[in-house]
Each structure stands twice: as structure tokens, then as C-alpha cells.
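Subject: A structure for you to look at

Hello,

Please open the structure below and keep it beside this note. My findings follow it.

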Amino acid sequence: MPSSTSEAVRVAVLADSDTRWKWGALTARRTTPNDTPDSVELSGFLLRGRATPTARQLAEVGVQVDELREVTANEFLHAVEDDSYDVIVLALVGGAVQALLHGLAALKMPLRPVVVTGYVGVVYEKLADGLLLRHGADVVLANSRHDVDRFRAVYEGVGADASSVTEAALPFLGGTPYRPEAGRDTVVFAAQPSVPESRAHRTHLLRRLVEHARLHPGREVLLKLRSRPGEHTTHLEELPYQKLAEKLPGGLPPNFRLVYGNMGEVLDRADLLVTVSSTAALESLHRGIPTAILTDLGVREALGNHHFLGSGLLTSWDRLDGGHRPVPDPDWLSRQGVAADGTYDSAFDAARERVALLLEKPELPPITPYYTPATAPGYLPGILARHHLGADGTPLQGAARTTEISGVRRVVRDAVRGVARGAYRHGVQRVAPVLRRMGRL
């Protein structure tokens with residue numbers, strides 16, 4: 001471990017999607033104790049899977065690292081064993097976090113890294129499941145005081161140690177505070193890959209957005225999309241808005257545009273952010289941009305907009321068409337850690353202090369997740385097996401360390417993986433919906 005802040009802290013970030021990569025890399029920089037930007041040596045790893053980000057998605061995130069490579073869970077464990085990392089940030093879905101925790105525990109390293117994990121955005125579903133899958137990390141980051149209370153209640157409710165829960169904030173909040181500009185009038189709708197799910201509901205939102213543009217021809221209306229067709233983000237998108245827009249009767253008005261790119265850059269020119277429940281709402285609120293959470297499809301746990309109860313932001317397209325602009329409740333903003341009051345940087349103080357304290361320890365205790373073969377014998381083995389790990393966290397037979405390859409073999413391997421991933425995405429976006437529809441007949 002580094003003996004002082006003058007030495008670079010070596011951090012490895014493992015992520016499984018573009019959004020989690022952004023969260024993990026920025027979390028590493030904000031929570032690692034350092035005096036200068038050069039005090040952190042950041043190595044990036046992308047967990048191979050259906051949502052492994054493309055080069056375009058990585059460029060859009062814009063986080064610079066010392067190295068970045070795609071790995072399996074076992075390849076990552078070998079890299080940890082071979083290199084002396086001080087901190088590991090697991091920016092993964094819950095099951096993958098649990099598998100890596102057991103894999104790291106099985107390494108039995110005499111001087112192991114500090115393990116940090118958390119959530120990339122609003123936690124509105126699978127609270128207990130997701131948290132217990134993350135138990136065992138040294139630091140489980142909560143994005144607000146509200147989440148700290150919820151997270152600790154879950155751990156204490158099953159008799160698990162809750163000392164790892166540490167308050168922080170979403171690491172990608174920031175940007176220039178909102179200032180209206182004369183002659184600018186821009187509405188941004190932040191689309192989500194899996195909310196809502198049905199074609200009818202997604203078409204309703206798209207149609208109302210287009211109607212809003214027609215009702216206000218002097219207003220620029222932007223549909224902010226997470227990914228291009230064929231790409232995946234943290235969640236699957238079976239019905240991309242791009243495809244639905246192509247089939248919309250009457251076409252699209254001239255003041256309506258589909259946009260990609262960094263959300264922060266899109267918010268730079270936004271005068272109103274509209275969404276169902278996207279984390280983009282928190283980015284918008286942090287900057288003081290007028291923000292609306294839609295109730296058109298109801299206020300339901302499945303949509304995630306129930307998270308905004310008490311925020312003052314819930315409204316409908318009918319009211320927005322008439323000129324309504326929601327006013328956020330300041331107490332709600334404060335509890336959610338998004339109040340634009342100048343305290344954002346200090347929101348990471350507790351996390352930095354905890355990581356620093358753990359780094360100073362001569363030896364860390366063994367990683368002890370709540371789930372073990374004794375506490376969850378019907379659940380844990382399947383989670384570990386998906387990442388080619390046995391019940392004791394060691395690699396399954398046939399999942400041995402891979403050797404480094406180069407030249408023609410690497411080109412062929414990457415090409416095969418690209419084709420396989422494309423086939424998988426085609427199955428998700430084309431074949432699976434058809435099969436589900438047939439099953440309902």
C-alpha cells in the first residue's frame with residue numbers, strides 16, 4: 001500500500017457497460033486519497049459480455065485511463081493477483097460483484113486491495129437483492145443520505161455488517177449552473193433503454209414529444225438517445241426510439257431532432273429536461289435546470305418514477321404543453337444529494353476518508369460476503385457459475401488462466417467476438433420480442 005499521498009495509488013476499475021465504466025472511473029478519481037491528479041494510476045478493465053461498450057461509447061464517456069482492456073472474470077482475477085493494486089472499483093451488476101468478491105476472497109492475498117462498489121444511479125428496484133450481492137466489499141457507496149439509511153437498514157435487517165455503507169454522491173454530477181439565454185428555448189427528453197418496456201408506451205411518449213414540438217414550432221425539441229442501433233448500455237433496449245420514429249405517421253417536425261453524445265454537453269443547452277425516471281434528472285437538478293418527471297404512464301415502481309415522490313417534479317405532457325414548469329422541493333433535493341449549494345465536492349469526504357483509513361492498515365481482514373454456500377446454497381452457486389467460478393470462488397475446470405495472444409490470432413479472435421456479440425444483440429432486439437409475442441397468442 002502507498003506509504004504517503006506522494007506515491008501514486010494504483011486503482012483498477014472493472015466495468016460491464018458504458019454507464020458503469022463512467023461511474024467506476026470517476027468514482028475512482030473522486031474517492032481515492034490524493035494531492036494531485038498524478039497521484040492516481042488508473043487501470044481500466046471491461047468485463048466481456050453483452051453490454052461491453054463500443055469504441056464510440058467509450059469515447060463519448062471521455063474518461064482517460066492509463067490502460068484499458070477487455071477481460072473475463074478469471075482474467076481480471078489473474079491481473080489482480082499479478083499486479084499490486086491498492087484499490088479495486090467494481091462497477092458491475094450485482095451478480096458480477098458477488099462473483100468477483102468470492103473470486104478475490106479465494107485468492108487469499110496476504111496484502112489485498114481495498115474493494116469499492118456501489119450503484120450507477122437511482123436505486124428504485126431490487127434494493128435488497130442488489131445490496132446483498134454487493135455485501136463483502138470494503139466500501140459500498142450510497143449516493144445520498146436517503147440511500148445510506150436504506151442500505152444500512154437492509155444489511156442490519158439480515159444481521160450483516162453495515163459498516164461498509166458510506167455516503168457519497170453520483171460522481172458525474174457537475175457542469176455549469178443553468179442560466180437562461182435570450183432566444184434559446186430547448187426541451188430535452190432523456191430516453192431510457194428499458195423504461196418503459198412496451199411498444200405502446202414508448203410510442204405514446206415519442207408521439208407526445210413530437211406533438212409538443214409541433215405545438216411549439218419556435219422551440220428546439222431534442223430526443224437524447226443512449227445508444228445507436230446495435231449498441232447496448234447497462235440495460236437492454238428491445239425497441240429503440242430511432243426505429244419507432246421512422247414509423248411515426250406524418251414524419252418529424254423540423255424543430256425535432258434525435259441526438260447522441262455526452263449528456264452533460266446536451267444539458268449545456270437545455271431549458272427543460274423531461275424523463276420518466278432517468279438518472280439524467282439528477283444531473284439536470286444538480287445544475288438547476290427545470291426538470292419534469294412524467295406521470296403519463298402512471299407513478300409505478302416498474303417505471304422508477306415513484307423514486308421522485310415528494311420531489312415536486314411529477315407532471316404530465318398535458319401540463320408541460322400548457323407551459324407548466326415543475327419547481328423542485330429543496331428538502332427532497334438535499335436528501336438526494338443533488339442540491340446545487342456548493343457542497344458537492346465535500347460529499348465525497350466520507351468516502352475518501354474511509355478509503356484512506358483502509359489503505360493505511362497494514363493488513364485488511366478477509367473478504368466475507370453475506371452470501372455463502374451455507375447461507376444461500378440454492379442461489380450463490382449459480383451466480384458464481386455464470387462467471388466460471390466454483391462454490392469456493394476458484395475457477396471451474398476449463399476456466400484456467402488465458403495466455404496473451406497477438407497478431408493474426410488476436411484479429412481473428414476479436415472478429416469472432418464481434419460477430420457473436422452482434423448475433424446476440426440481433427437476438428435480443430429482433431428474435432426475442434417475436435418469440436414473446438408468439439407465446440402470448
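Start with His388, which sits in the loop between helix H14 (380-386) and helix H15 (407-440). His388 is not a glycine, yet its phi is positive, at about 60°. This residue is partly exposed, with a relative accessible area of 47%. Bear in mind that the model is predicted.

Look for Lys126 in the loop between strand S5 (114-117) and H5. Lys126 is exposed, because its relative accessible area is 62% and the cut-off for exposed is over 50%.

One more backbone feature is worth a stop. Val195 and Pro196 are joined by a cis peptide bond, with omega at about -10°. Pro196 belongs to the loop between S8 and H7.

Now turn to helix H6. H6 covers residues 145-157, which makes 13 residues. From first C-alpha to last, H6 reaches 18 Å, close to the 18 Å expected at 1.5 Å a residue. Which residues of H6 are buried? They are Asp147, Val148, Phe151, Val154 and Tyr155. Seen down the axis of H6, these buried residues fall within an arc of 135°, so they line one face of the helix. The cover over them includes helix H5 (127-134), strand S6 (139-142) and strand S7 (165-167). The face turned away from the buried side carries Asp149, Glu156 and Gly157, which are exposed. Just after H6 comes Gly159, with a positive phi of about 80°.

Next, the charged pairs. Side chains of opposite charge can pair when their charged atoms come close. The count here is 17 salt bridges.

- Arg30 and Asp345: the closest N and O atoms are 3.7 Å apart. This pair links distant parts of the chain, 315 residues apart. Arg30 is in helix H1 (residues 18-31), while Asp345 is in the loop between helix H12 (330-336) and helix H13 (349-360). Arg30 counts as partly exposed, at 24% relative accessibility.
- Asp185 and Arg219: their salt bridge has an N to O distance of 2.9 Å. The two residues are 34 apart in the chain. Asp185 lies in the loop between S7 and strand S8 (186-190), and Arg219 in the loop between helix H7 (199-215) and strand S9 (220-224).
- Asp349 and Arg352: here the N to O distance is 2.8 Å. Both residues are in helix H13, 3 residues apart, so about one helical turn separates them. Asp349 is partly exposed at 32% relative accessibility, and Arg352 is partly exposed at 26%.
- The network: salt bridges link Arg207, Arg208, Glu211, Asp318 and Asp321.

How many cavities of 30 Å³ or more does a search of the whole structure find? The search finds 4. The largest cavity has a volume of about 80 Å³. It is lined by 14 residues, and the closest to its centre are Asn143, Ser144, Asp147, Leu282 and Gln336.

Best wishes

Note on methods
Residues are numbered from 1 along each chain as its sequence is written. This is a predicted model: local features need pLDDT of at least 70, side-chain atom pairs count only at pLDDT 80 or more; totals for chains, interfaces and linings use all residues. Side-chain values use heavy atoms; hydrogens and water are left out. Helices (H or I, at least four residues) and strands (E, at least two) are DSSP runs, numbered from the N terminus. The expected span of a helix is 1.5 Å times one less than its number of residues. Buried means under 20% relative accessible area, exposed over 50%, partly exposed in between (1.4 Å probe, protein chains only). The arc is that of the directions from the helix axis to the C-beta atoms. Contact means heavy atoms within 4.5 Å. A salt bridge is a side-chain nitrogen of Lys or Arg within 4 Å of a carboxyl oxygen of Asp or Glu. On a 1 Å grid over the protein atoms alone, a cavity is a set of points where a 1.4 Å probe fits but cannot get out, and a pocket is an open set with protein on both sides within 12 Å along at least five of seven lines; lining residues have an atom within 4 Å of a point. Grid points are joined across faces, edges and corners, and a volume is the space filled by probe spheres set on the points.
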